Amino acid sequence: MTWLVTGGAGYIGAHVVRAFTEQGIGAVILDDLSSGHESFVPEGVPFVRGSILDGELVLDTLRTHSITGVVHVAGFKYAGVSVQRPLHTYAQNVTGTLSLLGAMEEAGVGRIVFSSSAAVYGTPDTDLVTEATAKNPQSPYGESKLIGEWLLHDQGVAQNLAHTSLRYFNVVGSGYPDVYDTSPHNLFPLVFEALLDGRTPRINGNDYPTPDGTCVRDYIHVADLARSHVAAARRLDAGESIEPVYNLGSGDGVSVGEIMTAMRDVTGIEFEPEVAPRRAGDPARIVASGELAARDLDWTMRHTLTEMVSSAWSARSQA
Ligand SMILES: NC(=O)c1ccc[n+]([C@@H]2O[C@H](COP(=O)([O-])OP(=O)(O)OC[C@H]3O[C@@H](n4cnc5c(N)ncnc54)[C@H](O)[C@@H]3O)[C@@H](O)[C@H]2O)c1
């Protein structure tokens with residue numbers, strides 16, 4: 001069996017591709033390199049450069065490589081930017097998913113694992129998010145991910161598509177020294193870029209109703225996350241039952257203040273973060289239970305917070 005990984009030249013996709021090949025499952029990458037890097041493509045893995053919006057190219061890729069399932073990671077992930085660029089976000093994440101599903105239907109490819117997001121919950125009114133928590137996305141990005149889940153569901157009904165959507169929480173760390181998060185908007189890369197440039201890292205708001213006043217998030221290691229995609233693909237390949245959605249969360253909250261302390265310890269650089277105003281739409285706390293995923297998808301936290309910070313720092317500082 002061979003799986004197509006859309007967005008496989010990006011931070012998470014590159015880890016998913018390696019997890020597949022390490023487990024002896026063939027992988028092919030389709031990526032337009034809009035935010036990915038050709039250097040993240042491992043040697044020996046076929047790479048098709050192009051967009052999921054190009055239905056003919058997707059169809060040709062599925063057929064040429066005899067693809068049996070798709071991990072759909074490609075997407076535009078900047079929630080804040082999506083507020084200013086809703087049409088772009090919807091084109092990439094909704095029309096793109098639609099185009100991919102259309103090509104899969106035409107090629108007779110009936111399995112998909114979708115990269116969804118905690119953003120579908122918006123600001124949840126609970127200390128521990130579960131899959132049953134109300135969805136209330138607060139950005140075009142979150143909305144587009146929820147629509148992606150609906151598209152999978154509807155194709156499941158219409159076409160017998162076997163599917164699951166994995167809602168990621170805050171994905172950090174590096175599983176390989178040559179692959180790291182290059183997002184200009186995520187906390188880890190922002191802090192690292194500041195430290196490498198000799199600037200003071202920033203915290204957005206320290207007056208939230210949390211123990212130290214900074215936002216609390218659920219940080220998960222990218223290699224642990226990648227592993228669960230393999231488990232999901234295996235379940236789909238075996239025709240085993242699978243939930244339509246899983247939260248990939250740790251059940252544990254870590255504050256931005258605690259991350260800053262870990263950053264100081266790991267990098268050995270002394271700094272006192274500058275406190276900037278809150279960012280609009282940032283919930284005080286979002287932490288999820290990963291119980292369902294632990295039951296079905298080999299999901300567990302195999303890395304500590306220190307390992308998450310140190311692997312990310314060592315990959316970034318060696319780049
Ligand atoms: N990083 C996180 O914490 C996080 C959290 C929740 C969900 N997600 C989701 O996980 C996915 C991957 O995130 P990431 O952090 O690896 O981001 P990333 O930007 O590094 O990866 C996205 C990849 O998709 C590719 N891509 C984008 N649009 C494409 C298109 N139209 N056709 C083909 N390729 C395209 C990009 O070039 C890139 O390689 C995204 O869908 C994102 O929404 C990420």
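Tutor: With a term: helices of at least four residues and strands of at least two are DSSP runs, numbered from the N terminus. The model here is predicted. By that numbering, α6 gives the most to the lining of the largest cavity, with three residues.

Student: How is empty space found at all?

Tutor: Rolling a probe the size of a water molecule over the atoms shows where empty space is left. In this structure, the search finds one cavity of 30 Å³ or more. The largest cavity holds about 80 Å³ of space.

Student: Which elements supply at least two residues each to the lining of the largest cavity?

Tutor: They are β7 (170–172), α6 (187–196) and α10 (305–318). Among the lining residues are Tyr11, Val171, Phe188, Phe192 and Arg316. By class, the lining has eight nonpolar, two polar and two charged residues.

Student: What is the volume of the second largest pocket?

Tutor: A pocket, unlike a cavity, is an open set of points. The second largest pocket has a volume of about 160 Å³. Its lining includes Glu131, Lys135, Trp150, His153 and Arg167. Two or more residues of that lining come from each of α5 and β6 (162–168). The largest share, four residues, belongs to α5. The lining of this pocket divides into four nonpolar, three polar and four charged residues.

Student: Now the ligand. How many residues surround the ligand?

Tutor: A residue counts as near if one of its heavy atoms lies within 4 Å. There are 28 residues around the ligand, and the closest are Asp31, Ser35, Lys77, Gln92 and Tyr141. This shell comprises eleven nonpolar, 13 polar and four charged residues.

Student: Which atoms of Ile12, Ser35 and Gly36 come up to the ligand?

Tutor: For Ser35, an N or O atom in the side chain is 2.6 Å from a ligand oxygen. Ile12 instead places a backbone N or O atom 2.8 Å from an oxygen atom of the ligand. A polar backbone atom of Gly36 is 3.0 Å from a ligand oxygen. On its own the ligand has 830 Å² of accessible area, and the protein covers 96% of that. Two or more shell residues come from each of α1 (11–22), β5 (111–117) and α5 (140–159). β5 gives the most, with three residues.

Student: Where is confidence lowest and where is it highest?

Tutor: pLDDT is the predictor's confidence in each residue. The chain averages 96, and 100% of the residues score at least 70. Helix α3 (residues 79–84) is lowest, at a mean of 92, and strand β4 (residues 69–72) is highest, at 99.

Terms used: Residues numbered from 1 in each chain as written. Heavy atoms only, no water. Polar contact = N/O pair within 3.5 Å; in protein donor to acceptor, adjacent residues only side chain to side chain. Areas by Shrake-Rupley, 256 points an atom, 1.4 Å probe, with all protein chains shown as cover. Nonpolar A, V, L, I, M, F, W, Y, C, P; charged D, E, K, R; others polar. 1 Å grid on protein atoms, 1.4 Å probe; cavity = no way out; pocket = protein on both sides within 12 Å on 5 of 7 lines; lining within 4 Å. Points joined across faces, edges and corners; volume = space filled by probe spheres on them. pLDDT = per-residue confidence, 0-100.
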